[in-house]
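Here is a quick tour of one protein model, written for someone who likes to check each point on screen. Have the viewer ready.

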Amino acid sequence: KMLPKKRGPTNRYGGSRKSLWEEENLQTIVKNSKHRNKIWNFLMQQHGCRRSNNIESILSTPVTVPEKTPETSVASPLDSIPFHLWCVPKAAVEELYAQQYEIFTTKIVEKLVSDRGDTAKLLIELQDGHRVETVVMIHAGHATVCVSSQIGCKMGCRFCATGTMGIIGDLSTSEILEQLVHANSIAKIRNVVFMGMGEPLNNYENVKRAVEFMVDNKRFALSPRQVTVSTVGVLKNMQRLTAELPFVNLALSLHAPNQQVRLKIVPAASSSPIEQLMAALDNHIKHNLMVHCHQDDDLSGGVRSGSRRGGGQRQSKTTGAMIEYILIKDINDSPEHAIELGELLCKSPYKQHILLNLIPYNPTAVAADFHPPSSSSVTQFSSILTSAPFGLHTRVRQEKGQDIAGACGQLALVSGESSKKSHVSSDLEDMAGKKNSLRIPRKPLKSSHAESVSNIQQVLVGGMEQLLKGFERSSFETLEGSLKTRNGFNKAPTVQRHSDRDGVSRGAVWCVVNLSLCVACVVYDTILATIQR
């Protein structure tokens with residue numbers, strides 16, 4: 001099927017079907033906001049919070065109801081919504097059917113899971129045939145979704161695969177929100193980052209409405225502190241974001257310590273000097289802190305939650321802003337670049353509220369001959385920025401999803417075949433729990449690696465045996481000492497108690513030593529497996 005190169009206003013929302021997640025359209029029919037909120041809450045409970053539900057079944061499996069409106073000759077997904085329980089006017093319900101409203105106007109056509117099982121990439125098809133990618137990342141205790149805001153991107157960053165597509169069109173508010181709902185079918189989402197395909201601030205209005213929907217307590221009810229909007233530097237809309245959405249985090253894709261280096265890898269930088277971008281970032285941090293301080297004051301009855309006894313103030317956990325910095329070998333990863341970057345960020349009066357996120361370059365299908373930096377250069381770069389005189393809050397981003405072309409800068413509608421992955425079944429709901437249902441089998445190890453793993457397994461088994469013996473020794477000596485004391489065999493109870501403690505101590509030492517051995521073996525096995533992959 002041939003698709004148009006550009007997405008015009010006639011098919012901006014995907015065609016004839018309309019989504020219930022599009023508030024701008026829905027409110028013209030269902031005018032009561034309470035009714036709209038009840039509809040959305042019902043949909044979120046059915047499809048957003050319960051991971052056991054299969055989202056695609058809503059589109060494919062009709063629901064039989066006793067009566068249908070004259071406008072619908074076939075079953076509609078709307079049939080599953082109990083409008084009558086909320087006293088939604090019958091005329092409004094009939095209009096929803098007449099205008100072909102549906103729960104979803106998008107669908108997942110492909111799912112890829114990384115070898116580690118901690119990242120899933122969803123290929124989502126819009127109803128006009130265009131496709132976007134969404135990435136779900138599982139962390140310890142929470143999950144993050146990276147949503148797309150456009151089809152393609154016009155910023156043309158030389159290291160980014162999405163930039164090679166050019167711009168095809170913007171996503172509607174509902175198409176952004178449906179990505180979040182689809183992601184919730186895999187894991188309960190806590191964090192949302194607008195770091196997928198497209199420049200979010202070039203689709204400002206739809207992104208703004210989506211963020212407001214996400215953080216509304218009567219809807220998705222996400223914490224504003226867990227929503228981050230990324231930009232390569234659309235200065236005018238950065239200022240609008242600060243004025244209209246000061247409560248969300250702003251991530252600036254800087255990628256260079258000066259304007260000259262930045263122009264080499266970010267062509268759009270010519271319209272926004274670094275100095276102006278940093279000033280806009282400082283302004284956002286200022287407003288972000290003011291908003292969250294007022295919220296903390298309200299929650300604590302007028303006492304700031306950051307206060308501590310003795311009159312001191314602890315540093316706020318809110319960063320408010322993030323600097324994203326792609327490390328590319330021989331382009332921007334030298335110690336000189338690190339020093340220059342540190343000097344630039346230290347000029348900010350809010351440097352303690354900036355999180356510097358270092359991202360080693362992920363290989364992508366771009367024209368430029370870029371290469372990832374060495375691990376030693378990444379470590380050196382980070383240590384320069386975290387140590388004196390800079391002392392910046394710096395993190396090296398953990399690579400997730402590179403093997404499925406789902407890492408930072410790799411989203412360009414790469415199919416499963418291109419990324420050397422087979423199609424994964426649609427049941428990904430246990431990605432954070434059951435390993436076998438999500439992990440793709442590893443390749444056979446080489447003979448040398450197999451021998452090493454076999455040796456490790458033998459050592460691991462021996463360590464576990466010693467661990468059990470340690471527990472047995474500890475338990476036996478304690479039990480023996482207590483029985484002797486209880487039956488009067490021991491004429492010196494004080495000495496016996498010391499003997500019991502000695503037995504327990506020896507057993508505890510055995511346990512600690514052998515447990516450390518087991519942990520070391522597991523770590524070594526993991527390192528070998530990582531090297532093999």
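What follows covers the ground rules, a helix, salt bridges, a surface patch, a loop residue and the cysteines.

## Ground rules

This is a predicted model, so keep the cut-offs in mind: local features need pLDDT of at least 70, side-chain atom pairs count only at pLDDT 80 or more, and totals for chains, interfaces and linings use all residues. Residues are numbered from 1 along each chain as its sequence is written, and side-chain values use heavy atoms, with hydrogens and water left out.

Helices here are DSSP runs of H or I with at least four residues, strands are runs of E with at least two, and both are numbered from the N terminus. Helix α5 takes in residues 173–184, 12 residues in total, and spans 17 Å from first C-alpha to last, close to the expected 16 Å. That expectation is 1.5 Å times one less than the number of residues.

How many of the residues of α5 are buried? The count is 12 of 12, with buried meaning under 20% relative accessible area, exposed over 50% and partly exposed in between (1.4 Å probe, protein chains only).

Leaving aside residues up to four places away in sequence, L180 touches V145, I189, V192, M214, F220 and L222; contact means heavy atoms within 4.5 Å. The C-alpha of L180 is also 8.8 Å from that of T134, 46 residues away along the chain.

## Salt bridges

The model has eight salt bridges, each a side-chain nitrogen of Lys or Arg within 4 Å of a carboxyl oxygen of Asp or Glu. One of them pairs E23 with R219 at 2.9 Å, N to O. E23 lies in helix α1 (residues 23–26) and R219 in the loop between α6 (204–215) and β10 (227–231), so this pair ties together parts 196 residues apart in sequence. E23 is partly exposed at 23% relative accessibility, while R219 is buried at 14%.

R219 also meets D216 in a salt bridge, at 3.5 Å, N to O, and D216 is partly exposed at 25%. Elsewhere, E125 and R131 pair up at 3.0 Å, N to O; E125 is buried at 18% and R131 partly exposed at 34%. There is a network as well, linking E205, K208, R240 and E244.

## A nonpolar patch

L515, V519, V523 and I527 make a nonpolar surface patch of about 340 Å². Patch members have over 30% relative accessible area and no salt bridge; like charges are joined within 9 Å, and nonpolar side chains (Val, Leu, Ile, Met, Phe, Trp, Tyr) within 5 Å. Areas come from the Shrake-Rupley method with a 1.4 Å probe, and for residues only the protein chains shown count as cover.

L515 belongs to helix α13 (residues 493–532) and is partly exposed at 48%. An α-helix has 3.6 residues a turn, so residues three or four places apart point the same way.

## Y350 and the cysteines

Y350 is in the loop between α10 (335–346) and β13 (354–360). Beyond four places in sequence, Y350 touches D282, I285, K286 and L289. Its C-alpha is 7.2 Å from that of I285, 65 residues away in sequence.

With a disulfide defined as two cysteine sulfur atoms within 2.5 Å, the count is zero. C157 is buried at 13%, whereas C87 is exposed at 61%.
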